[in-house]
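Reader: Before we discuss the labels, please show me the sequence and the structure. I would like each label checked against its cut-off.

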Amino acid sequence: MRDYLSLAYRGLKRQPLRSFLTVFAIVVAMGAIFVLVSLTQGLKDTVVTELSKLGTNRIIVVPGTVLGVNVGGDYLTEEDLRAVEGVPGVRYVLGLQRSALTLEWGGEEKPVVVSGVDPEAFEKSYQSLLGAYIEEGRSLEAIDRSRHVALLGYSVAHGLFEKNIHVGNTVRIGGVPFRVVGIMKRTYSPLDSFVLIPERAYKELVPGESKYVRILALTAEGTDVEEVKERIERRLKSLHGGVEDFTVLTSQQAFQRAVNIINLVSAFLIVIAVISLVIGSLGIMNTVYMNVVERTREIGIMKAVGATGRQIGGLFVLEAGILGVLGGVFGTILGTAAVLVAQFIIRGFLDTYTAYLSPLLYGAVVLVSFLVGVVAGYLPARSAVRLDPVEALRR
Amino acid sequence: MKELATIALKGLKGRTTRTVITVAAIVIGISAVVLLISISKGFEASVKALFEEFGSDTIMVMGGSGITSLMYAPMPLTEEDLKAVQRVPGVDYATGVYAKTLPVEYRGVEKAVVVYGMEPRALETLYGKIIETYIEEGRVFRRDGAREAILGYSVAHDLFGDDVKVGHTIEINGVKFRVVGVLRRIGDSADDLSITVPSTSFEEVAGKPGYVMIVAKLKEGSDPAEVGEKIRRELKRRRGTEDFTVQTSEDLMNQINSILAVIGAIVLAIAGISLFVGGVEIMNTMYMSVAERTREIGIMKAVGATRTQIMTIFLLEAGLIGVVGGIIGEGLAVGLSVLVEKSIQGALGMTYYHVSLDPLLLVGAAAFSFLMGVVAGYLPARRAAELDPAVTLRYE
């Protein structure tokens, strides 16, 4: 085996420029593939990490059948909320009802979205369910059940009114005074312009039955979210007389959707990059053909002294494989440099971004480039095997 | 010159296998690039055509902003919002679109379906002249208040065991509606699974749940961007927060086009790598060619060929590899484009999509492939030109 390697190596060294250019082509092609895989896989990992920080055990029940359309007229009832609460595996449930009401502060009147929540359920679940955190003051708590207190979204407190609102201030919502007990951190979501008040006070402002526009649920640890989701679906469907006029989503689904899109884009780009690998492999084929032609005489001698077809074929296939591997190795080295530069740039927009640079990727790229070389070398090697020694020696 | 070309051609003929492989490399590279450019140009053209049909004088206001709406359920647009939009200068008329999930019954099977309620003119404003191309069977409703329904493709064909046909009767929330039209598959499951009825009939069966969308038609000569901005400011002031999205058709077209341009550029850059790799291969082939003909070059020089003549021979040879590969590659691209067109039309439901094979692109790509060959052949050709005749003749 070692003899083979040194023979193949010497064969390649005889035409250094030719070998260099062939390897260079593979370096560029393999490098591009390496960079694409590393960057897109990195993006996928980053998105997955970011999303799982929000928790994968959330379930959202949306009234209406169709996703993506904000069907304004649909809502879920108190009965629905209780039903979801009773499903085994559900830990917390938060019903979201809301109305546009006016908020008075510092002599100004502005419309805001007011949402009534069960303060006890809210306190337990707002971080994990809504991804919300308190900036100032405190959350709504169980003791607020029958109080007139409010928790403000970031933009309601900062910038909506000329005078910013602080904890301890009293504002009027729909004409009724409420004491501000807390202000939430900025979430860059519609939550920033919400005003949250206890359910009971909300009922006074918006009389009538509860109309939930969303029911959010958190599953207990160790339960299968998909299973809980199905249970909720069955329970609500039977409650609604067999009609599925609601949609149950899990955070895992949102997740899966993001991952699928990245996979699709990455696969598409890699397919295009593979075109250059195909072209590079044609270069290997060309080079090995040339080597066979140039060494016809030598092959004849080898055959004459008893080398088998297998040995000769193996030699040229090995040459091709070495060209491929060299291309792969240097492709990953240059690719790594390019990936590190790209990572630095991407971190300017997405600070947790980490490109995917695992030993597995390096191994796979080098292995693939070896295989590409071997495949490309097959035809030229066969022509070497088929050389008639008598003919070959005559040249 | 003609003679030099003949020599270049002979040089290629002598090494058929090598030349074929190198040309094949260029064929693959050029066909990929030409095909990808034509595909993305085709997308741009069909987006433009689509928006020209729509007319650029439409503004849509939608409840919600971005994907967080899924979690926080934006407030629907109200009748007061609609009135405010109607008052904005430059707006000719504005109309609201209702939506609600309602029980729909057909031959004893009950399903929950999203029902849209809109005035006939909203239908006209939204779809414009192309509404006909969306109708699979039947017609649209023309009179507000009629108990007539247009079904999305999946509602008619998949939802209720039996196909619902034009002329059949369905019950929406207990009220009978006659099916007057069935839409083609739009590809968006939300729209395919919906029913559209006239706005007044909607109010009769479902009340006034607020609008999911307000559609505004602009007065002639008014600037959509300017009116759109006015609407945005007015609604934000009224609602206290920007929990809605104002979209002019121009905005939408620009958004789609800029996304397409970015995708096109990335794809082209990656495909461009394959041309670079192909160029390296031409260079390699040319070096081999020069090495093999060292003796020949020496003889040519000895009988008085100039540096320029030798260089020209090899540059032509390289250029020839490039341009032959390029032209065959274009042929391949043209052939494949038919397949691609069919599959895009099928898979995305874009029956109006056509691959844009610009003759200028074909000429340009052919010229480019020749140039690429020449550039790749430059170094090898220079080596040939600089060979010392005395040394070369000694070479075997």
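Author: Buried means under 20% relative accessible area, exposed means over 50%, and partly exposed lies in between. The model is predicted.

Reader: Why is Glu171(B) called partly exposed?

Author: Glu171(B) has 25% relative accessibility.

Reader: What makes Lys176(B) exposed?

Author: The relative accessibility of Lys176(B) is 55%. Exposed means over 50%, therefore Lys176(B) counts as exposed.

Reader: How do you know that Lys176(B) forms a salt bridge with Glu171(B)?

Author: A salt bridge needs a side-chain nitrogen of Lys or Arg within 4 Å of a carboxyl oxygen of Asp or Glu. In Lys176(B) and Glu171(B) the closest N and O atoms are 3.5 Å apart, so the pair is a salt bridge by the 4 Å limit.

Reader: Why are Asp243(B) and Arg239(B) called buried?

Author: Asp243(B) has a relative accessibility of 10%, and Arg239(B) has a relative accessible area of 9%. Buried means under 20%, so Asp243(B) counts as buried, and so does Arg239(B). Their side chains meet in a salt bridge, at 2.9 Å from N to O.

Reader: What separates Glu229(B) and Arg233(B) along helix α10 of chain B?

Author: About one helical turn, because Glu229(B) and Arg233(B) are four residues apart in that helix, residues 224-239. They form a salt bridge, the closest N and O atoms being 3.4 Å apart. Glu229(B), at 31% relative accessible area, is partly exposed.

Key: Residues numbered from 1 in each chain as written. Chains lettered and ligands numbered in written order. Predicted model: local features only at pLDDT ≥ 70, side-chain atom pairs only at ≥ 80, totals over all residues. Heavy atoms only, no water. Buried < 20%, exposed > 50% of the residue type's maximum accessible area, 1.4 Å probe, protein only. Helix = DSSP H or I, 4+ residues; strand = E, 2+ residues; numbered from the N terminus.
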